[in-house]
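This report describes selected features of one protein model.

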Amino acid sequence: MFRSLRERNYRYYASGQVVSLTGTWMQRAAQDWLVLELSGGSPAALGLAVALQFLPTLALTLWAGVFADRFDKRKILIVTQSALGLCGFALGTLDVTGIVALWHVYVLCFVLGCFSAVDAPVRQSFVVEMVGPAQLTNAVALNSMTFNLARIVGPAIAGLAITAVGTGWVFLANGLSSVAVVAGLLLMDTALLHRARAVGKERGQLRAGLRYVRGRPDLVVVMVLMFCVGTFGMNFENTFAVMARNVFGRDADGYGILITMLAVGTLTGATLAARRSGKPGSRLRLMLIGAGVFGALEAVAGLMPTYWLFAGCLVPVGVAVMTFTTSANSTVQLAVEPTMRGRVMGLYMLLFMGGKPLGGLASGWLAEVFGPRWPLVLGGLLSLAAAVGGAVALSQQRKKGLIQPQG
């Protein structure tokens, strides 16, 4: 289950990620709570903050994929991770000194989003360089375990810290945590990296990547499904903050518990994916099942009448969504040519993260007009419909001989 950790470089990377991602999740919880405090509890304001954080993805992620195929991914990550840490220091300083305003948060959400948009496809395509193709599925699952372990610990710490010392110190702690992942990248032995052949500079590289995906019907289905689920189904954090505060009357610690409960499920799902990674089976089929089950469970969770029933439903929701995301990620990375991996993952992250502005604004509007439950119910039903549509499309493509059954 942990065989990817035999790779020295991946051990350094994973160790740094545990610390850094804990800080990231602390900041996310504190940022959402700060926006609600500064805006008087407005779901629309929170939706706008989410939109600004993910809006740069639309402009930068595809080009970041091109850079990932052309340049040293490790060096790019050192720059982006350092910049993300500085964003935490900046917001923390403004908050601790008492001069923070809502527009400050909006500006820093946008700046943080710019660096995140570059970081995401580079980081995703760097995994295979650390562990090699044979261990990729396991490493993707372990990354998810790391991510969701931090997702459990981070918001729980943030909820207590916000109550005890305020949001500003949480942002400063996140800035400090970025040192860990940068140190891990600097300590790597570059001779042990499984680097693909570098792609030279030439015109039309971005278009070539898009044509490559368009010519692969199986990848098209994965990309469309990822867009639908990522945009409409996976707007958890801003929705949970509104549910905790406005529906169930809870404070920051109650919001942190909701994120933690979801993270318990996603960590469980990632653990199961790591155990499954060495076994044969159709990743596409598992992806579709995960998306469909996630959509159905999310819609049910949105209808729960009490806080603890709602919180309990988030555990199976987390298992299902992690089954979907880990199988989708490994399906894409293992299905593409190494020289195209950066550009394909750039498109993957664009569709996954680029829909967040639309999803954030839509969920904020739905919560404002119809009530906080509706983003969860409608998002779940749309995700379920997308999974069914994807299954039908893949079945038709197989009958036409456009794709082969996946083992």
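The model is predicted. Gln17 belongs to helix H1, which spans residues 8-39. With a relative accessible area of 8%, Gln17 is buried, because buried means under 20% relative accessible area. Beyond its neighbours within four places in sequence, Gln17 makes contact with Thr22, Arg123, Thr146 and Val181.

A second residue of interest is Asn235. It is located in the loop that connects helix H9 (217-233) to helix H10 (236-247). Asn235 is also below the 20% cut-off for burial, since its relative accessible area is 7%. When residues up to four places away in sequence are set aside, Asn235 touches Gly230, Lys356, Gly359, Gly360 and Ser363. Between Asn235 and Tyr307 there are 72 residues in sequence and 18 Å in space, taken from C-alpha to C-alpha.

The table lists the two residues together.

| Residue | Location | Relative accessible area |
|---|---|---|
| Gln17 | helix H1 (residues 8-39) | 8% |
| Asn235 | loop between helix H9 (217-233) and helix H10 (236-247) | 7% |

In soluble globular proteins, nonpolar side chains tend to be buried together. The largest nonpolar core in this model contains 86 residues, and the members that touch the most others are Leu225, Phe240 and Phe310. Helix H13 (residues 307-335) gives the most to this core, contributing eleven residues. Apart from this core lies another, made up of 28 residues, including Ile76, Val131, Ala139 and Leu142.

**Packing of H9 and H12**

Two packed helices are described by the angle between their axes and the distance between the axes. For H9 and helix H12 (residues 283-301), the angle is about 20° and the axes are 12 Å apart. H9 is therefore roughly parallel to H12, as angles under 35 degrees count as roughly parallel. The crossing of H9 past H12 is left-handed. On the H9 side, the contact is formed by Asp218, Val222, Leu225, Val229 and Gly233. On the H12 side, Leu284, Met287, Leu288, Ala291, Phe294 and Glu298 take part. Sorted by class, the contact of H9 with H12 comprises eight nonpolar, one polar and two charged residues.

How values were computed. Residues are numbered from 1 along each chain as its sequence is written. This is a predicted model: local features need pLDDT of at least 70, side-chain atom pairs count only at pLDDT 80 or more; totals for chains, interfaces and linings use all residues. Side-chain values use heavy atoms; hydrogens and water are left out. Helices (H or I, at least four residues) and strands (E, at least two) are DSSP runs, numbered from the N terminus. Buried means under 20% relative accessible area, exposed over 50%, partly exposed in between (1.4 Å probe, protein chains only). Contact means heavy atoms within 4.5 Å. A nonpolar core is a set of buried Ala, Val, Leu, Ile, Met, Phe, Trp, Tyr and Cys residues joined through side-chain atoms within 4.5 Å. Axes are lines fitted to C-alpha atoms, for helices over the stretch in contact, and angles run from 0 to 180 degrees between N-to-C directions. Angles under 35 degrees count as roughly parallel, over 145 as roughly antiparallel, 65 to 115 as roughly perpendicular and the rest as oblique. A crossing is left-handed if the near helix is turned anticlockwise from the far one by less than a right angle, and right-handed if clockwise. Ala, Val, Leu, Ile, Met, Phe, Trp, Tyr, Cys and Pro count as nonpolar, Asp, Glu, Lys and Arg as charged, and the others, Gly among them, as polar.
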